[in-house]
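The following note is intended for a colleague who meets this structure for the first time. Please read the numbered points with the model in view.

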Amino acid sequence: MIIESAEIFLFELPLIKTYRTSFAEISQKRSILVKLSTSNLSGYGEGSTLPFPFYVPDYADTSFIVLKDFIISQIIGKDINNPTQLCQTFEHIKGYSFAKTAAENAFWDLYSQELNTPLWQLLGGQKKSVEIGAAIGIIKDSNQLLETVTLKVAKGCPRVKLKIEPGWDIEPIKKVREKFPDLPLLADANSAYTLKDIDLLKTLDQFNLMMIEQPLAWDDIIDHAELQQQIKTPICLDESILSVEDARKAIKIGACKIINIKPGRVGGLTEAQKIHNLCKENNIGVWCGGMLECSVGRFFNLSIATLDGYTYPADMSASSDYFADDIVNYKYNAQGGTAEVPDFLSDFEVNEDKLKHYTVTSHQFNSKS
Ligand SMILES: [Mg+2]
């Protein structure tokens, strides 16, 4: 397939309400989208970014610049036959996983259209629906938090994740656990603790959590390995795993029992497949997290979550839980704890008028110019 033209977008979608984690509050989704076109097809890909470098170093604006200055120039005008070949064109670029993911997703969209095969099948998926859990941001009002969890459980949500931070950890988990003794529950600390907090982290063992996600530093595996030896709750790594090599090292030293594979964080679906396969071989649990994607990004996450090693529910609530509007005509809408996986991104129908309405800046590339 010859990529004849490309367009990249930096866009901003307002959230219905502010989403709070231990590292920041988010009220605007600032994300990047790539459109790649051949002579007869167009594919879209989101590399769902955050508006700031507080989760990992790269964020929306730096991702847009790297796409503009380094990634698209490797693709435009080239004859690229499969996603592996595409990834090879920019593997010399260090980091910038979200930018690479946006380009790779757009190519996967083209590729599945060209082969007329659903993306989830191309990726090796084994199921047509995915279990969906809820991720609840920090709500520092116990009654409001319990109301939110109750609503999610009533809707059939199979597991709930609570964001925690120092000073707001034991109390929310205890309250939710008292009301829902059997609810599959996990806590996500987004790197907010250190080994100095080991006594507090040990007390979490009494709440029978499915896992604690990324308790320690975003770039650490050594301290996580030490912590895992001292707590019963399984550690799930998120921020620390940016590649299959990171996963191999973390597994080797016992830094985690579970990995949250977000395609955007690891540089795309091809790398996510590799991490999934490695985890399966090593009996490490896997699930698909989210980065507040709009429906475009969620399509790709849903597709990879059909692989059989993804045994825990994914973080992929309906688009309308977060956004009043979206950049597609038919928004992703999970109901009752499961989501049907669409065959093609075109099932959601990207709406270019809406995309342009929410675009902050964009750039066009043409192979002939
Ligand atoms: Mg996380």
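1. Asparagine 190 counts as buried, because 21 C-beta neighbours lie inside 10 Å and the cut-off for that class is 20 or more. The model is a predicted one. Asparagine 190 is placed in the loop between β6 (185-188) and α7 (198-203). Its phi is near 45°, a positive value in a residue other than glycine.

2. Glutamine 214 should be read alongside that residue. Its phi is near 40°, again a positive value in a residue that is not glycine. The loop that holds glutamine 214 runs between β7 (211-213) and α8 (222-230). Glutamine 214 has 25 C-beta neighbours inside 10 Å and therefore counts as buried.

3. The division into domains comes next. The protein is split into domain 1 (5-117 + 352-366) and domain 2 (121-347). Taken over C-alpha atoms, the centres of domain 1 and domain 2 are separated by 22 Å. In the contact between them, domain 1 takes part with 39 residues and domain 2 with 35 residues.

4. Which elements supply the side of domain 1 that touches domain 2? At least two residues each come from β1 (5-20), β2 (25-37), β3 (42-47), α2 (83-89), α3 and α14 (352-358). Helix α3 gives the most to this side of domain 1, with 11 residues.

5. The largest nonpolar core holds 116 residues, and Ile32, Leu67, Ala103 and Ile259 touch the most other members. Helix α3 (residues 97-115) gives the most to this core, namely nine residues. Domain 1 (5-117 + 352-366) and domain 2 (121-347) both give residues to the core, so the core lies between them.

6. Not counting residues up to four places away in sequence, leucine 67 touches Ile8, Ile32, Val34, Ile72, Ala99, Ala102 and Ala103.

7. The axes of helix α1 (residues 60-75) and α3 come within 9 Å and cross at roughly 45°. That angle makes α1 oblique to α3. The crossing in which α1 passes α3 is right-handed.

8. Tyrosine 358 lies in helix α14. Is tyrosine 358 buried or exposed? It counts as buried, because 21 C-beta neighbours lie inside 10 Å. Tyrosine 358 and phenylalanine 11 are 347 residues apart in sequence, yet 5.3 Å apart in space, C-alpha to C-alpha. Leaving aside neighbours within four places in sequence, tyrosine 358 is in contact with Phe11, Glu12, Leu13 and Ile327.

9. The axes of helix α5 (residues 142-154) and helix α6 (residues 170-179) come within 10 Å and cross at roughly 50°. The two helices are therefore oblique to each other. In passing α6, α5 makes a right-handed crossing. Ser142, Leu145, Leu146 and Val149 are the α5 residues that meet Glu171, Pro172, Lys175, Val176 and Lys179 in α6.

10. How do α9 and α11 pack, and at what angle? Helix α9 (residues 244-252) and helix α11 (residues 269-281) pack at an angle of about 20°, and their axes are 9 Å apart. This angle makes α9 roughly parallel to α11. The crossing of α9 and α11 is right-handed. On the side of α9, Val244, Ala247 and Arg248 make the contact, and they meet Glu271, Lys274, Ile275, Leu278 and Cys279 in α11.

11. Of its 10 residues, 10 are buried, so α12 is largely enclosed by the rest of the structure. The buried residues of α12 are Ser295, Val296, Gly297, Arg298, Phe299, Phe300, Asn301, Leu302, Ser303 and Ile304.

Key: Residues numbered from 1 in each chain as written. Predicted model: local features only at pLDDT ≥ 70, side-chain atom pairs only at ≥ 80, totals over all residues. Core = buried A, V, L, I, M, F, W, Y, C linked by C-beta atoms within 7 Å. Buried ≥ 20, exposed ≤ 12 C-beta atoms within 10 Å, placed from the backbone. Helix = DSSP H or I, 4+ residues; strand = E, 2+ residues; numbered from the N terminus. Domains from an automatic or database assignment. Contact = placed C-beta atoms within 7 Å. Axes fitted to C-alpha atoms, helices over the stretch in contact; angles between N-to-C directions. Parallel < 35°, antiparallel > 145°, perpendicular 65-115°, else oblique. Left-handed = near helix turned anticlockwise from the far one by under 90°.
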